[in-house]
Amino acid sequence: VMKLNPQQAPLYGDSVITVQLTEEDKVEDDVVFYLVFTGSTVQHCTSTRKINPGSLETISPGHDCCETVKVALCASREGHPVLVVAEESFQFVQDEAYDAAQFLATCAGNQQALNFTRFLDRSRPPAADVDFLDEKVALAFRHLKLPAEWNVLGADQSLAENIPRETLMHFAVRLGLLRLTWFLLQQPGGRGALSIHNNEGATPVSLALERGYQKLHQLLTEEGAREPDSWSTLSHTVHSGDYSVKHHRGLDVYLLTAEA
């Protein structure tokens, strides 16, 4: 038996999984280990890296639904058949960051909901928590299947730019969420949101300035601003038909996902 830690991961993936091997699986250096996750409609295969003789590390794949899947630990060695050395179950769950991303995506044009998010500002979390929140919500947002017509400003595009209103961009900037702001900037309506004033006359750009968020202000105003460092910039995904391959540069791990 192998031990997976943790035994669950959020749907959007990209969290670190440690695999504890049993005594008899601690093997020579020329053995390569893979994890195969088998869900009801998709299958993932991830490479691993050795931390020490008894443990491996990999990145959890992003999955298509909440469910318990079977994970097989496979060992491969040149000139030998691939062996399944252990099996374990693993759960994909919808966590708070995913809930938050879904909530924000659906309330893009909803003034009541957006005004409610301002309430969060009064109890601003400490910087480390903001960083964690930013990372996770941005990862979750990327994983959401946003409808083709989705827009940062909501469904009603007929609203003139001079109508004061709260936008998702105001929300992201007010909390200092760099990565989420970057993600929204790339979406339809993202750039347009920068010039919209809310009821106090603040634009997302003026908010960033007023709060002293220098990095964020640069992100919004500089021509060649680059994506802020994050977990997602450490990975590169290539899609081809029913397959996708992702390379996580941080751990140097590869993930192959295919329709089962």
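Tutor: Buried means under 20% relative accessible area, exposed means over 50%, and partly exposed lies in between (1.4 Å probe, protein chains only). This is a predicted model in which local features need pLDDT of at least 70 and side-chain atom pairs count only at pLDDT 80 or more, while totals for chains, interfaces and linings use all residues. Residues are numbered from 1 along each chain as its sequence is written, and side-chain values use heavy atoms, with hydrogens and water left out.

Student: How many salt bridges are there?

Tutor: A salt bridge is a side-chain nitrogen of Lys or Arg within 4 Å of a carboxyl oxygen of Asp or Glu. One of them joins Asp30 to Arg77. By this rule the count is nine.

Student: Is Arg77 buried or partly exposed?

Tutor: Arg77 pairs with Asp30, their closest N and O atoms lying 3.2 Å apart. Arg77 has a relative accessibility of 31%, so it counts as partly exposed.

Student: In which helix does Arg179 lie?

Tutor: Arg179 forms a salt bridge with Asp131, with 3.3 Å between the closest N and O atoms. Helices are DSSP runs (H or I, at least four residues) numbered from the N terminus, as are strands (E, at least two). Asp131 lies in α3 (residues 127-143), and Arg179 lies in helix α5 (residues 178-186).
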